[in-house]
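I opened the notebook to look up a few places in this structure. The entries follow in the order I made them.

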Amino acid sequence: MKELTDKLADGHALAEAEYLSLLTCNEREAEYLRQAAQAVAQRVFGREVKARGLIEISSYCKNNCLYCGIRAGNPRAERYRLTKEEIMECCRQGDALGFQTFVLQGGEDPAHTVEWVEDVVRTIRTAYPAKAITLSLGERPEEDYRRWFNAGADRYLLRHETIDRTHYAQLHPTAMSYDNRLRCLDSLKKIGYETGTGIMVGSPFQKLEYIAADLKFIERLHSEMVGIGPFIPHRDTPFRAEPAGSVELTLRLISILRLMLPTANIPATTSLGTLAADGRERGILAGANVVMPNLSPVEQRKKYSLYDNKICTGDEAAESRRLLEKRIEAIGYTLV
Ligand code: SAH
């Protein structure tokens, strides 16, 4: 199995069946994989972890993804929507804390017209010419993506969730289209966004074969960012009784992705930190190089509830950042 790790490290690509073997390798081999990925991450990024300030701008969503706590069909979800002024206040706090990237994420909120988001992006761009602006607002017409890009957005996160069509239909209502999601990723790339995609690990009905195909897809797409986090059930969704995804498998995937895409930005996600107390640290040691502390207003944090027991919903932005910084320093890295 060492050969597969070495082959991936050298050629940055494997056959689907080879990815599958790596996903199922034994613990000793997985440790070899992890060390190889950690070495690549350290060679590319040093012992530095990049912080992105996450601003969750709305918990309204018109979609009904079966896994997600803010799905339209959840009457118990508490809804909020940040105003432009509130978003700018989050940016001011983030700027004061030294963040160089703002990530605006939200449900697919019908109130977010193309003009409104465009205005917010332009206002942030004007106030902070040197910062990166990342959007994660779901599926939109190509024209919207283009206008936001022209207004100053640089990056877009849109996980494909699964590359298997049948699996996609098991995770989403029929009103949602697999083809449209992939079309969106195409548009984003074409427009010139740094594009991020990814999957949940252990989502209901997922098979290891699907993950191997997901890896092949990400390899071909050559994403600049890849978000991989474990699925965690939410009590008010149809998947409430499903088991959470595996931390070990998530870490293994992070390592494979690091070898596949040495310079990609790969976060140690909040969901990984939610499932295991030391999840984010282990993510970094497996090859991740990004963390996304929360800059959302504390009053609204709990309402952006995609899954149960999400961490850091109570801390002020400064406190969140300080705690994360300490954790990262404890494993010999610096938060930048
Ligand atoms: N509306 C945006 C942002 C979605 S939230 C979009 O469609 O892209 C960001 C990610 O959270 C999703 O892409 C999904 O992979 C993840 N997520 C949603 N529910 C989750 C759950 N129950 N457990 C773990 N991750 C979840």
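In which helix is Arg321 found? I found Arg321 in helix α14, residues 317–330. Helices here are DSSP runs of H or I with at least four residues, strands are runs of E with at least two, and both are numbered from the N terminus.

Before going on I noted the ground rules. The model is predicted, so I kept in mind that local features need pLDDT of at least 70 and side-chain atom pairs count only at pLDDT 80 or more, while totals for chains, interfaces and linings use all residues. Residues are numbered from 1 along each chain as its sequence is written, and side-chain values use heavy atoms, with hydrogens and water left out.

**Arg321.** I looked up its accessibility and got 12%, so Arg321 counts as buried. Buried means under 20% relative accessible area, exposed means over 50%, and partly exposed is in between (1.4 Å probe, protein chains only). I then listed the contacts of Arg321, leaving aside neighbours within four places in sequence, and found Leu97, Phe99 and Leu335. Contact means heavy atoms within 4.5 Å.

**The sheet.** I traced an open sheet of 6 strands in the order β2-β3-β4-β5-β6-β7, with parallel pairing. Strands β2 (53–58) and β7 (225–230) stand at the edges with a single partner strand each, so one side of each has no neighbour in the sheet. The twist from one strand to the next averages 20°. Two strands pair if DSSP finds at least two bridges between them.

I checked two of the pairings. Strand β3 (residues 101–106) runs parallel to β4, and 5 bridges join them. Phe102 has Ile133 in β4 as its bridge partner. Strand β5 (residues 155–157) and strand β6 (residues 194–201) are also parallel, joined by 3 bridges. There, Tyr156 stands opposite Thr195 in β6.

**Strand β4.** Is β4 enclosed or open? I found 5 of the 5 residues of β4 (residues 132–136) buried, so the strand is largely enclosed by the rest of the structure. In a regular strand the side chains alternate between the two faces of the sheet. On one side of β4 I listed Ala132, Thr134 and Ser136, and on the other Ile133 and Leu135, all of them buried.

**The ligand.** Of the 17 residues around the ligand, I noted Tyr67, Gly106, Arg159, Glu161 and Ile232 as the nearest; a residue is near a molecule if one of its heavy atoms lies within 4 Å of it. A polar side-chain atom of Glu161 is 2.6 Å from an oxygen atom of the ligand. For Arg181, a polar side-chain atom lies 3.2 Å from an oxygen atom of the ligand. A polar backbone atom of Leu306 is 3.4 Å from a nitrogen atom of the ligand. The protein covers 91% of the 550 Å² of accessible area that the ligand has on its own; such areas come from the Shrake-Rupley method with a 1.4 Å probe.

**Ser296.** I placed Ser296 in the loop between β8 (290–291) and α13 (298–301). Its relative accessibility is 3%, so Ser296 counts as buried. How far apart are Ser296 and Glu56 in space? I read 5.7 Å from C-alpha to C-alpha, although they are 240 residues apart in sequence.

**Positive phi.** Most residues other than glycine have a negative phi. I noted that Phe205 has a positive phi of about 70°. Phe205 sits in the loop between β6 and α9 (208–221).

Note on methods
Axes fitted to C-alpha atoms, helices over the stretch in contact; angles between N-to-C directions. Polar contact = N/O pair within 3.5 Å; in protein donor to acceptor, adjacent residues only side chain to side chain.
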